[in-house]
Amino acid sequence: MNNSGIGTYRRLLRYAKPYKWRIALSMLASLGVAASDAAIARLVQPFIDNLIVAGDWALAHLVPAMIIGVATFKGVSRYIQEYFIKTSGQLIIQDIRNDLFGHTMSLSMRFFGRTPSGTLMSRVLNDVGIMQSSVAEVLVILLREGVTIVALTFVAFYMDWKLAALAFIVIPASIGPAAVIGRKIKNYSKQGQIAMGSVTTVLEQTLSGIKVIKAFGSEERERARFITENRRFYNFLRKVFKYDAASSPMIEIISSFGVAIVVWYGLIRVGAGTMTQGELFSVIAAILLMYAPAKRLVKVNNIIQQAIAAGERVFEVMEQKPEINDPQDAGKLEKVRGDIFFERLTFGYDEEPILRDFTLHVSPGEIVALVGPSGAGKTTVAGLLTRFYDPQQGAILIDGVDIRKVTQESLKANIALVDQESFLFNDTIANNIRFGRPDATDNDVEEAARLAFADVFIRLLPEGYDTRIGDRGVRLSGGQRQRICIARAILRNAPILILDEATSALDTESETIVQKALINLMKGRTTLVIAHRLSTIMHADKIVVLERGEVREIGTHSELLERGELYNKLYTMQFQA
Ligand SMILES: Nc1ncnc2c1ncn2[C@@H]1O[C@H](COP(=O)(O)OP(=O)(O)O)[C@@H](O)[C@H]1O
Ligand SMILES: [Mg+2]
């Protein structure tokens, strides 16, 4: 194990700490298992020498009791050991999964921008699953099999040290090849997990894009892509299997040479009369009983290697630092009036700046529209206001306070966002609306829905507000979904509102009613409206025309029609269409 491997394993073990008593109990029970095996090997000698060879048949009545006694003791020990270690393993995995999930959520939008969700799913499900068997179980296997081997060794040497010493050529000889195999498996299983990540990604994309795929009739192409990824995954796994499957037979073959020599030498010694039959069989029993634990010890190495490979991938995510942090002395942004000042912002997702020297003042209660060609940076402005990203230069002040100086939680409490996606959770309609304010009463929820012009259609649904939406629930139209999102934002009751293409995905008819709902939502709030349809923003107090990250024109609709070159261009383009 290299240094980083040890570090990773140590980190895994830290998760085992809360369950140390369970694990200790399991370890104790594992000693019982080891003792039982040693007892069996030891009892072979009197069984043969006193009973079979010397013919003391009175002892025969004791044998069944001993067999049952040892088996029962071993069985109970083993049960206790397995039960407590398996539950510990699962508890540990639960903790790791929770940590990983919690940490992933704390990461910044930039991280989600560059990490496919299939990869993250594979981390939380597959990788953590691989670690399951290994974290605690390995400790017990090491102890149980280790102690079994030591106890059996002791029995063998006690019976006849010469024969036992000879036998021990076998064990070291099998360790070398096993170690090599273990290392190989680690490498292949790491790549195998990456390949599984791409299988998951393809699957996830196909399912979420199934409509597009069907519409373009590209099922065959997707199938081929899936088959290719799946094949790639198999090819990696095949190598893992190749080495994994080889490890046991190889050790068996290597050790058979040793066993042959030991048996041959032992028989000669018994023939010469320097050793009893019972002693010979006792040593052989000890060696045979060592076989299984030794094999398991070798396998443990593979388990550890796989766990480390999976652990490294999991901790890689856990080590990602959230890019957006609350400063140590972060204040709380109380309910603001809604004065927003974007002060000379320069920002890029990478080196290339997307916003250049962007300055804009929005007074409390104003409706300010951001328009401009797609890719101009409108959504980026909204993302900076919500602190999905921080600008490289400049600052955003709300009521005169730099938003980087206050807690993100208190900032977000002041902002509600409605965008084009109209994302709803697989939950009831009431809970989806309540997402904006979890402690809202049913009355609050219904009031918000009324203002969002959603109440009427919700009541017509089979279970009203308790109707489930999503995969297994009712299908809603785009306009209906959007009105639920608006109700959610109304309930949130934040002083600042961002509407990012909130009606773009809708047809004209649903747009009209959503527009009415939006007017209710905007009442008494400072609103930043992003829209490409100019019809929706004509009445804004101020319209800002953005192009390639720079403010080109500012004014009201009529002012811009008079003197706004770019605005006129956008305007003519739309009304010709
Ligand atoms: N997460 C991201 N990572 C990298 N580049 C991005 C990201 N989001 C947007 N961009 C780029 O930034 C530019 C502005 O995007 P955006 O603000 O979404 O434009 P708009 O909303 O005006 O259409 C585009 O060139 C886009 O490709
Ligand atoms: Mg946009």
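Modeller: Axes are lines fitted to C-alpha atoms, for helices over the stretch in contact, and angles run from 0 to 180 degrees between N-to-C directions. The model discussed here is predicted.

Biologist: How are helix 2 and helix 3 oriented to each other?

Modeller: The axes of helix 2 and helix 3 (residues 62–106) come within 8 Å, and their crossing angle is roughly 155°. Angles over 145 degrees count as roughly antiparallel. Helix 2 and helix 3 are therefore roughly antiparallel.

Biologist: How many nonpolar residues does the contact of helix 2 with helix 3 have?

Modeller: The crossing of these two helices, helix 2 and helix 3, is left-handed. Their contact has eight polar and three charged residues, and its nonpolar residues number 15.

Biologist: How is helix 2 oriented to helix 6?

Modeller: Helix 2 (residues 20–53) and helix 6 (residues 137–159) have axes that come within 8 Å and cross at roughly 25°. Because angles under 35 degrees count as roughly parallel, helix 2 is, relative to helix 6, roughly parallel.

Biologist: What is the handedness of the crossing of helix 2 and helix 6?

Modeller: The contact of helix 2 with helix 6 comprises 16 nonpolar, four polar and three charged residues. The crossing of helix 2 and helix 6 is right-handed.

Biologist: Which helix gives the largest share of the shell around ligand 1?

Modeller: The residues around ligand 1 include Gly-113, Tyr-349, Lys-378, Thr-379 and Thr-380. By class, the shell around ligand 1 has three nonpolar, six polar and one charged. The largest share of this shell, three residues, comes from residues 378–385, that is, helix 12.

Technical notes: Residues are numbered from 1 along each chain as its sequence is written. Chains are lettered from A and ligands numbered from 1 in the order in which they are written. This is a predicted model: local features need pLDDT of at least 70, side-chain atom pairs count only at pLDDT 80 or more; totals for chains, interfaces and linings use all residues. A residue is near a molecule or strand if its C-beta atom, placed from the backbone, lies within 6 Å of it. Helices (H or I, at least four residues) and strands (E, at least two) are DSSP runs, numbered from the N terminus. Ala, Val, Leu, Ile, Met, Phe, Trp, Tyr, Cys and Pro count as nonpolar, Asp, Glu, Lys and Arg as charged, and the others, Gly among them, as polar. Angles under 35 degrees count as roughly parallel, over 145 as roughly antiparallel, 65 to 115 as roughly perpendicular and the rest as oblique. A crossing is left-handed if the near helix is turned anticlockwise from the far one by less than a right angle, and right-handed if clockwise.
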